[in-house]
Amino acid sequence: MHVRTAVETEASGYETALAAARVEVTQTGAGVGPNAILDIAYEHLNVASGSVGFPVIGRTTIGDDMMAVMLIVRSSPGSRWAGTDVRPGMLLAYGPGAQHYALSTPGLEYRFVLAERAAVESKADELGRGARLPARGASLLLSASPFTADLRGLLRRVGRPGLADPALPRGEDEVLEALVSAFGGNGPGTGTRPRTTIDNREVVGTCVDLADERRAIPRLGELCRAAHVSERRLREAFYDVCGTGPNVFLRSHLLTVVRRRLQAPGAPAVSIVAGDLGFHHPSRFARQYAQLFGETPRETARAAGADRD
């Protein structure tokens, strides 16, 4: 078992904690503090807790041989996971290859377990109990029931990031047994799909991929053609999944990419990085960047070890 506590001032902290999944995180505004993550790594799974200090929108794709369960411990205004307003006790489950969209605002606290699906299946066989695990690509909103009580209790016990003596699970077996129990009763009526349809997630994902490919914010017409939806449907998908419109979100996404490039060793000048990602008006770019991150691009570059114009 390896315990890691990280206080992250950048969105990259999620990528570290969710190493067995593909994570793309966009910071959407300045916050009241850092995002903190406590990550407990076992042989076949990770258990983690997190608290949010600055707003982010994340797209997480669960690994092909993994499954995940996420619990909301404390909600915050404006936070939406899978297109649903979060509430304390909300429990979401994801199968291999499933995508999780999360709009997280300051004050949110959550717990999650990311486990090898085969390890959960093996534990179910060992216990002689059936477990209806989430199918490939599936996402479920699990209702409160006696079957999920052990898992909820275990995740709630995990300490907040920064605690000197966090309450850790007694071992990997305890976590696996709680997962088997949670899905042993996952029959009709115990799990429902989140309100957001997979179509909305696909619309947003297609638009993000197109912005990355173009290295700029595409026009609305281009986004609509790429996603095969009307402009009204496009806006509805973004507000449902991200809580904001397409231009605002895609601009925040590209500004986040700029920030990461400026922080990389040997990064070129600010003007070159910005221009490469479609920001061709220096004063406007600097203003938008500072509004999002609370510092100028030049300050970011200087903090990374160089003063690049």
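Predicted model: local features only at pLDDT ≥ 70, side-chain atom pairs only at ≥ 80, totals over all residues.
Figure 1. Arg 157 belongs to helix H3 (residues 149–157) and Glu 174 to helix H4 (residues 172–184), so the pair ties together parts that are 17 residues apart in sequence. Glu 174, with a relative accessible area of 15%, is buried, because buried means under 20%. Helix H3 also holds Leu 154, which is buried with a relative accessible area of 2%. Between the C-alpha atoms of Leu 154 and Glu 174 the separation is 8.5 Å, although the two residues are 20 residues apart along the chain.

**Figure 2. Salt bridges around Arg 80.** A network of salt bridges links Arg 80, Asp 85 and Asp 240. Within it, the side chains of Arg 80 and Asp 85 meet with an N to O distance of 2.9 Å. Arg 80 has a relative accessibility of 13% and therefore counts as buried. The count of salt bridges comes to 15.

Figure 3. Arg 214 forms a salt bridge with Glu 222, and their closest N and O atoms are 2.9 Å apart. Both partners are partly exposed: Arg 214 has a relative accessibility of 41%, and Glu 222 has a relative accessible area of 25%. Arg 215 is found in the loop between helix H5 (198–214) and helix H6 (220–227). The phi angle of Arg 215 is positive, near 55 degrees, in a residue other than glycine. At 40% relative accessibility, Arg 215 counts as partly exposed.

**Figure 4. His 228 in the loop between helices H6 and H7.** The loop that contains His 228 runs between H6 and helix H7 (231–242). His 228 is not a glycine, yet its phi is positive, at about 60 degrees. With a relative accessible area of 73%, His 228 is exposed.

**Figure 5. Pairing of strands E9 and E12.** Strand E9 (residues 91–94) pairs with E12 in the antiparallel sense, over four bridges. Leu 92 stands opposite Leu 141 in E12. In a regular strand the side chains alternate between the two faces of the sheet. In strand E12 (residues 139–142), Ser 139 and Leu 141 point one way, while Leu 140 and Leu 142 point the other way. All four of these residues are buried.

**Figure 6. The largest nonpolar core and the surroundings of Leu 45.** The largest nonpolar core has 29 residues. Those with the most contacts inside the core are Leu 45, Val 47, Val 69, Val 120, Leu 179 and Phe 183. Helix H4 gives the most to this core, contributing seven residues. Neighbours within four places in sequence left aside, Leu 45 is in contact with Ile 40, Val 113, Leu 114, Ala 115, Glu 172, Val 175 and Leu 176.

**Figure 7. Packing of helices H8 and H10.** Two packed helices are described by the angle between their axes and the distance between the axes. The axes of helix H8 (residues 246–263) and helix H10 (residues 282–293) come within 10 Å and cross at roughly 90 degrees. H8 and H10 are therefore roughly perpendicular to each other, because angles of 65 to 115 degrees are placed in that class. On the H8 side, the residues in contact are Arg 251, Ser 252, Leu 255, Thr 256, Val 258, Arg 259 and Leu 262. They meet Phe 285, Gln 288, Tyr 289, Leu 292 and Phe 293 of H10.

**Figure 8. The whole chain, for orientation.** The protein has eleven helices and 13 strands. Of its 309 residues, 54% count as buried. Among contacts between residues at least 6 apart in sequence, 75% join residues at least 24 apart.

Conventions
Residues numbered from 1 in each chain as written. Heavy atoms only, no water. Salt bridge = Lys/Arg side-chain N within 4 Å of Asp/Glu carboxyl O. Buried < 20%, exposed > 50% of the residue type's maximum accessible area, 1.4 Å probe, protein only. Helix = DSSP H or I, 4+ residues; strand = E, 2+ residues; numbered from the N terminus. Pairing = 2+ DSSP bridges. Core = buried A, V, L, I, M, F, W, Y, C linked by side-chain atoms within 4.5 Å. Contact = heavy atoms within 4.5 Å. Axes fitted to C-alpha atoms, helices over the stretch in contact; angles between N-to-C directions. Parallel < 35°, antiparallel > 145°, perpendicular 65-115°, else oblique.
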